[in-house]
Amino acid sequence: MQTQDSRARPLLIYLHGFLSSPQSFKCQLMREWLTANNPRIVFCAPQVLPYPAIAQQSLVGLLEGFLQSANCGPVGLLGSSMGGFWCTYLGERLHLPAVLINPAVRPSRLMPAYVGRVLRPYSGGPQEYRLTEADVDTMGRLEAELAQPLHSRYWLLSQRGDETLDYRDAENFYRNQRQTVEEGGDHDFQGFARYCAPIVEFLFNQQ
């Protein structure tokens, strides 16, 4: 017979950025911190494809499967860049808390620059991707599903030195949510290790 403790282990899902992977620095750092400091929390970092229709279907299916499981405890989301967009989408749809690191707010505005190009993950490997105009349209429709004001509980972690995304977009989009906005830094979010413990506190100790 399973104990109450084994049935209710918390689950932290990390979603990486565009053309990144679960091997990214922040993902691995969070995994290692949990192993060393809070091994009771289950860590899951799926590979997220850059095709929005496929990503949406796979991520919703993954989360709904977890939430419908009899063994599911509290679930928290953590995402960087494009992963921040997906965390917001899932948080709104499934009413889950999320921490967002330099999140992409309107990815469809950036995607046209990648249409038709052969794309490879930054982490290397044999995968190749090629986005189409249909992918841009799909992302625009998904963005339109995010109403304002946002309903779920979010914490924005942003650095104004982000060279990839305009930090002001995120500050405005998450204006009614908790925000930590730092001067300097970059898109990778320098000093992320400082936030591992506060992230876990935010996601799980207030539910």
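Analyst: A residue is called buried when its relative accessible area is under 20%, exposed when it is over 50%, and partly exposed in between (1.4 Å probe, protein chains only). The model is a predicted one: local features need pLDDT of at least 70, side-chain atom pairs count only at pLDDT 80 or more, and totals for chains, interfaces and linings use all residues. Residues are numbered from 1 along each chain as its sequence is written, and side-chain values use heavy atoms, with hydrogens and water left out.

User: Are Trp86 and Tyr89 buried or exposed?

Analyst: Both residues lie in helix α4, 3 residues apart, which is about one turn of the helix. Helices (H or I, at least four residues) and strands (E, at least two) are DSSP runs, numbered from the N terminus. As for accessibility, Trp86 and Tyr89 are both buried.

User: What is the angle between the planes of Trp86 and Tyr89?

Analyst: Rings of Phe, Tyr and Trp (its six-membered ring) pair if their centres lie within 6.5 Å; planes under 30 degrees apart count as stacked, over 60 as edge-to-face and the rest as tilted. The whole structure holds 9 aromatic pairs. Trp86 and Tyr89 form an edge-to-face pair, at 6.0 Å centre to centre and with an angle between the planes of 80 degrees.

User: Which residue forms an aromatic pair with Phe173?

Analyst: Phe173 counts as buried because its relative accessible area is 6%. Its pair is edge-to-face, with 5.0 Å centre to centre and 85 degrees between the planes, and the partner is Tyr174.

User: In what order do the strands of the open sheet run?

Analyst: Two strands pair if DSSP finds at least two bridges between them. The sheet has 6 strands, and the pairing is parallel. Its edge strands, each pairing on one side only, are β2 (42–44) and β6 (178–182). The order is β2-β1-β3-β4-β5-β6.

User: What angle does the direction of helix α3 make with that of β1?

Analyst: Axes are lines fitted to C-alpha atoms, for helices over the stretch in contact, and angles run from 0 to 180 degrees between N-to-C directions. Contact means heavy atoms within 4.5 Å. Helix α3 (residues 52–68) packs on the sheet and touches β1, β2 and β3 (75–80); its direction makes with that of β1 an angle of about 175 degrees.

User: How many disulfides are found in the whole structure?

Analyst: A disulfide is a pair of cysteine sulfur atoms within 2.5 Å. For Cys72, the nearest cysteine sulfur, that of Cys44, is 11 Å away. For Cys196, the nearest is that of Cys27, 11 Å away. The number of disulfides in the whole structure is 0.
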